[in-house]
Every structure is written in C-alpha cells, then in structure tokens.
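This report describes the fold of a single protein, with attention to helix packing, helix faces and one loop. Please keep the sequence and the structure in view while reading.

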Amino acid sequence: MDNGFVLAGIRPLPAPRCEKETWYKGRPVLSFCLFFLIAAGCLFCEAFIPKDPTFMDFYHANTAPNSEFWFGTDTMGRDIFSMIWYGGRISLLIGLLGAGISAFIGILLGAISGLGPEWLDGLLMRFTELFLSIPNLLLVLLLQAFLGEADVWSLSFVIGVTSWTNIAKVVRTEVRQLRGCEYVIAARCAGAGFFRIVFIHLLPNFFASILFMAVMNIRSAVSAEAALSFLGLGLPLEVISWGSMLSLSEQAFLSGLWWLILIPGVFLIMTLLCITNIGNYIRKGKSQTVSPQSPHLR
C-alpha cells in the first residue's frame, strides 16, 4: 500500500578519498640539501678550489670580487673562495668534536646520577646547577686561558666540557624512569657492568631525546668558535676557519671591505640555520620513536 511515505535508512557516505602525502611534506629538505652541499664541499674542497687558501699574494691584497677571485681576497691576499671551503672544514670539525665531547660527558654523568644512590644524585645535580649558573662564554674563556694558545683540539675540548649540562639533566630523568624496567634488572642480575647497561640497554631508549640536543650543540660549538675568533680569543689567523676570517671584520668595517664580512657571514649563518632546522625536525619526530618497552630494545 502506497501511502506517500518512503522508508529511509542511513544514507551511505561516500568512501573518503585517501590523499597520498608527498614524501617531502614536513621535512626540511632544503636545509638537508644545503647542509649536505656545504659539508661535502668543505670535505672535498681540494678537488675544485682554484688557489691555495694559505698562499699570501700581497700584490692582490684587498681585491674586490672579480673573474679571477670570485669572492675577493683578504688583507693578506688570500683567495676568500678557497678559504671559505677550506676553513669550513675546521669550523665543522670543531662543532662535531665539541658536540661529541659534551654528549659523552652528559650521558656519563646523567647515567651515574640516575642509577646511583640518592646522595650521589643530589650531589651531581647541585654541581650541574652550579655549572649552569656560570655564563658559558665566561667558562670557555677561563678554560682556554688556562690551556694557553688556542688550537682546534683545545678549543673543541673547552667547548665540549662546558656544554654538557642540559644533556646530563635529560639523561638523568630518562634513566630514573627506565632503571626499574625488567630488562635493566635482568641485565644487572646477569652481571652486566655499568657501561654495558647504559650504552646497550638504556641509550637506545633515550637516543632520540638527546640527538636533538647533540645537533644543537654542533650549532652552538660552531657559533662559539666564531664568537671567540671575532673577539680575538679563538684560533690564530694562520689557522683558517670561518671564525678566524670574521676576526678581520673590524678592519673591514673601517676600510669598506664588505666582502670580508658578508661572504663568511653568509656561509656561517646558512650553516647554523640548516642545523637548527634539522634539529627542530628531529625534536618533532622524537615523539614517534619506539616505546621503551619494545622487545627489540631489550
């Protein structure tokens, strides 16, 4: 019987369209590419630099950029294009060494504080807070003055031993959360030593947390080397780095030699920005890392 009513049900919704995400969405592709090009250029610079970066051609001193000297020359006649790539190797080396030293000290002290008794934990944390209360640049200057004339190794060491505090506090928090897990207790019962427990059983669980801080320490070490050289307290002029090149900036300002400041400064800023973007990407992605209870991490 047709009474004018139609039985209606739930109207089926159309299937949602699954849009495929592009692989580069949310990733700092430009920063990765630029940093890779800069690092590769610094590493293999002997293959393409046109002149010896250490050769002093006083006849062409303070030459503006031209077809022969693409980035110009400095006050000693050295080719800035060659110096940029050759000196970048030193700056990046100081950054990597300083970050590696700070990461090792931070992991070691943070793990000792997290696994140790309460009195040792309190003592190390008070020492860390005392260390944090002193300006970092002042500590670097004090230690470097104690070690004597700066070189690549002493500067890397000084920057490394003054940059571990934040990593230590993060590692201490992570270790205190993980030390009661079954696999850590089992490793202790099996007779595993301190370093095996820390670097084999615990480190994979908080590696993503400290990776961001380690990358940021590379940036801090490169900028610290540049700041010290700018103040005249870093590497000597004969050791070519981006910082030592920028140490001539005062003379360049007074003489109008803009290329002595602009070109090394652009390379330094680009590198620091790339490292910052990569570090922020790592920080955002660390929440997607595997849970500490995952079997393969045990």
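## Terms and basis of the model

A residue is called buried when its relative accessible area is under 20%, exposed when it is over 50%, and partly exposed in between, with a 1.4 Å probe and protein chains only. Helices (H or I, at least four residues) and strands (E, at least two) are DSSP runs, numbered from the N terminus.

The model is predicted: local features need pLDDT of at least 70, side-chain atom pairs count only at pLDDT 80 or more, and totals for chains, interfaces and linings use all residues. Residues are numbered from 1 along each chain as its sequence is written, and side-chain values use heavy atoms, with hydrogens and water left out.

## Overall composition

The protein contains eleven helices and zero strands. Read from the N terminus, its elements follow the order α-α-α-α-α-α-α-α-α-α-α. Of its 298 residues, 43% are buried.

Helix α3 spans residues 118–133, and its 16 residues extend 23 Å from the first C-alpha to the last, close to the expected 22 Å; the expected span is 1.5 Å times one less than the number of residues. The buried residues of α3 are Asp121, Leu124, Met125, Thr128 and Phe131. They lie on the same side of α3, because they cover an arc of only 115° around the axis, the arc being that of the directions from the helix axis to the C-beta atoms. On the face turned away from this buried side, α3 carries the exposed residues Glu118, Trp119, Leu123, Leu130 and Ser133. An α-helix has 3.6 residues a turn, so residues three or four places apart point the same way.

Helix α4 (residues 136–147) has twelve residues and reaches 17 Å between its first and last C-alpha, close to the 16 Å expected. Its buried residues include Leu139, Val140 and Gln144. The buried residues fall within an arc of 125° when seen down the axis of α4, so they line one face of the helix. Turned away from the buried side of α4 is a face with the exposed residues Leu138, Leu142, Ala145 and Phe146.

## Packing of helix α2

Helix α2 (residues 80–115) packs against helix α8 (residues 194–230) at about 140°, with the axes 7 Å apart. Axes are lines fitted to C-alpha atoms, for helices over the stretch in contact, and angles run from 0 to 180 degrees between N-to-C directions. The two helices are therefore oblique to each other; angles under 35 degrees count as roughly parallel, over 145 as roughly antiparallel, 65 to 115 as roughly perpendicular and the rest as oblique. The contact of α2 with α8 has 20 nonpolar, four polar and one charged residues, where Ala, Val, Leu, Ile, Met, Phe, Trp, Tyr, Cys and Pro count as nonpolar, Asp, Glu, Lys and Arg as charged, and the others, Gly among them, as polar.

Helix α2 also packs with helix α6 (residues 165–178), at an angle of about 40° and with the axes 7 Å apart. This angle makes α2 oblique to α6.

## The loop between α1 and α2

His60 lies in the loop between α1 (29–43) and α2. At 23% relative accessibility, His60 is partly exposed. Its C-alpha atom is separated by 7.1 Å from that of Thr73, 13 residues apart along the chain.

Asn62 is placed in the loop between α1 and α2. Asn62 has a positive phi of about 55° although it is not a glycine. Most residues other than glycine have a negative phi. With a relative accessible area of 32%, Asn62 is partly exposed.
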